Amino acid sequence: MKTAIEYQYDKKEMAEFEIEQIISNKRDFTFLCGDSLEILKLIPDESVNCVVTSPPYWNLREYDVSENSNVIGNEPDYKDYVKNITAIFDEIKRILTRDGSLWLNLGDKYYNKELLGMPWRVALSLMDNGWILRNDVIWDQMKGTQSSKDRLRDVYEHIFHFVKSKKYYYAHDEIRIAPIKQPKVYNGEIVSATGVSGKKYRKQIEESQFLSEEEKKAASQALDEILQEISEGKLVDFRMTIRGEQRAFHSDNTNISGRAKELETKGFYFIKMGANGHLPSDIWRIAPEDTWRKDAHYAVFPEELLLNPIKATCHENGIVLDPFSGTGSTVVTALKLNRRGIGIDLSEYYTDLAKKRIKQVCKPLF
Ligand SMILES: C[S@@+](CC[C@H](N)C(=O)[O-])C[C@H]1O[C@@H](n2cnc3c(N)ncnc32)[C@H](O)[C@@H]1O
């Protein structure tokens, strides 16, 4: 019979082998069962492109492994939770490629009637350790719980997008939302998607007391060029701001607003909406997953939530990792999007579930 140490060693060797297989492109995915911090140490530096994860929240104690001493979230003091989570993400920073991204989903917690601000406590700790925060996405789950009558319903969680260097991979064209409305013909002439013909702007330019003759000429010519782009389908909409007619969008202060500066030096500027559409906002309205809850009675990632992070911040065939993979949603979605995936979870039960699930959804791979 094997001793505990031999068994541990076998497990470590096996994990190292599996990781090597993924990194050398011989396999597409693996699910490793064990403590994240320990397994992450087996992964080489700068070898993973993207991490998308949802660690257990502090003081929920709802997972299969809640009695295990390594389980994250069971720390009696929330400050120790922040320390432990930060240590795991230090390790993740090491294994992430220089242009890699981390998407971290966290929810908050009331304790002694007080909202603790846990997501921000973790986010600030990560920033103190060198992570650069690029977005705080609000995940509006649409159906909140009403556990108390002296405060509002809770309906959102945070998804923080962190990077480790200012230059990072971001395929913005992959996640653009196509414009719903297109330019149209109105009274025999082409107008923008919201009906802007440019006539009002033309009149304002011509009658302006605030533009020099030279500036009027430049503004009118620029308006012609924009209308040309609308008629060619390169732009779907635009707005023009003209000195003395409209205010700069955010601020009139030329020291803080580039737009205000443009208005001061040139006399006008445009806001344009290209035909490629715009990027999604930082509020995502996605209902929590509830289509296959028979085996897992807890926070499963909805696939829709994973699409933008993976498409934007991991190139095709890149490696996506989830260090708290649970039922394997991140890895499953990564595979569906032609990326590779590594999942790590302390629970054997969830790891087995993830392996079964991936067999169901990725049949052609077997
Ligand atoms: C919120 S769930 C993740 C759910 C997952 N996103 C999904 O779609 O199924 C958190 C997971 O962290 C695991 N976990 C807790 N402590 C861990 C540790 N120290 N190392 C690895 N996994 C851990 C739990 O077993 C649980 O499955």
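Okay, K184. You'll find K184 in strand β8, which covers residues 184-186. Quick thing before I go on: this is a predicted model. So, is K184 buried or exposed? K184 is exposed, because there are 11 other C-beta atoms within 10 Å. Now look across from K184 to I230: these two are 46 residues apart in sequence, and their C-alpha atoms are 9.4 Å apart in space.

Let's set E157 beside that. E157 sits in strand β7, residues 154-163. E157 has 20 other C-beta atoms within 10 Å, so we call E157 buried. Which residues does E157 touch, if we leave aside its neighbours within four places in sequence? The answer is N105, L106, G107, W139 and Q141. Also, P119 is 38 residues away from E157 along the chain, and the C-alpha atoms of the two are separated by 8.4 Å.

Now zoom out to the chain. There are 366 residues, and 33% of them count as buried. The secondary structure comes to 10 helices and 14 strands. And take the contacts between residues at least 6 apart in sequence: 66% of those join residues at least 24 apart.

Next, the core. The largest nonpolar core has 56 residues, and the members that touch the most others are V51 and V320. Let's stay with V320. Leaving aside neighbours within four places in sequence, V320 is in contact with N49, C50, V52, I310, C314, T330, A334, R339 and G341. There's a second, separate core too, with 16 residues, and L211, A219, F238 and M240 are among them.

On to helix pairs. I'll start with α5, residues 199-206, and α6, residues 213-231: their axes come within 9 Å and cross at roughly 170°. That angle is why we describe α5 as roughly antiparallel to α6. On the α5 side, the contact is made by Y201, R202, I205 and E206, and on the α6 side by K216, A219, S220 and L223. If you sort the contact of α5 with α6 by class, you get four nonpolar, one polar and three charged residues.

As for handedness, α8 passes α9 in a right-handed crossing. Where do they meet? From α8 we have E303, L306, L307 and I310, and from α9 we have S329, T330, T333 and A334. By class, the contact of α8 with α9 has four nonpolar, three polar and one charged residues.

The buried residues in α8 are L305, L306, P309, I310, A312 and T313. What covers them? The cover includes strands β2 (48-53), β3 (96-106), β6 (132-145), β12 (283-285) and β13 (319-322), and also α9.

And now α9. Why do I say α9 is largely enclosed by the rest of the structure? Because six of the eight residues of α9 are buried. Those are S329, T330, V331, V332, T333 and A334. They pack against β1 (29-33), β2, α8, β13, β14 (340-345) and α10 (348-361). Two of these residues, T330 and A334, also came up as contacts of V320.

Last topic: backbone angles. Most residues other than glycine have a negative phi. Here are some that go the other way. After α9 comes N338, and the phi of N338 is positive, near 65°. Then there's N317, another residue other than glycine, with a positive phi near 70°. N317 is in the loop between α8 and β13. N317 counts as exposed, because it has 11 C-beta neighbours inside 10 Å.

And finally E46, not a glycine either, with a positive phi of about 45°. E46 is found in the loop between α2 (36-40) and β2. Is E46 buried, exposed or partly exposed? E46 has 15 C-beta neighbours inside 10 Å, so E46 counts as partly exposed.

Key. Residues are numbered from 1 along each chain as its sequence is written. This is a predicted model: local features need pLDDT of at least 70, side-chain atom pairs count only at pLDDT 80 or more; totals for chains, interfaces and linings use all residues. A nonpolar core is a set of buried Ala, Val, Leu, Ile, Met, Phe, Trp, Tyr and Cys residues joined through C-beta atoms within 7 Å. A residue is buried if 20 or more other C-beta atoms lie within 10 Å of its own, exposed if 12 or fewer, and partly exposed in between; C-beta atoms are placed from the backbone. Two residues are in contact if their C-beta atoms, placed from the backbone, lie within 7 Å. A crossing is left-handed if the near helix is turned anticlockwise from the far one by less than a right angle, and right-handed if clockwise. Helices (H or I, at least four residues) and strands (E, at least two) are DSSP runs, numbered from the N terminus. Ala, Val, Leu, Ile, Met, Phe, Trp, Tyr, Cys and Pro count as nonpolar, Asp, Glu, Lys and Arg as charged, and the others, Gly among them, as polar. Axes are lines fitted to C-alpha atoms, for helices over the stretch in contact, and angles run from 0 to 180 degrees between N-to-C directions. Angles under 35 degrees count as roughly parallel, over 145 as roughly antiparallel, 65 to 115 as roughly perpendicular and the rest as oblique.
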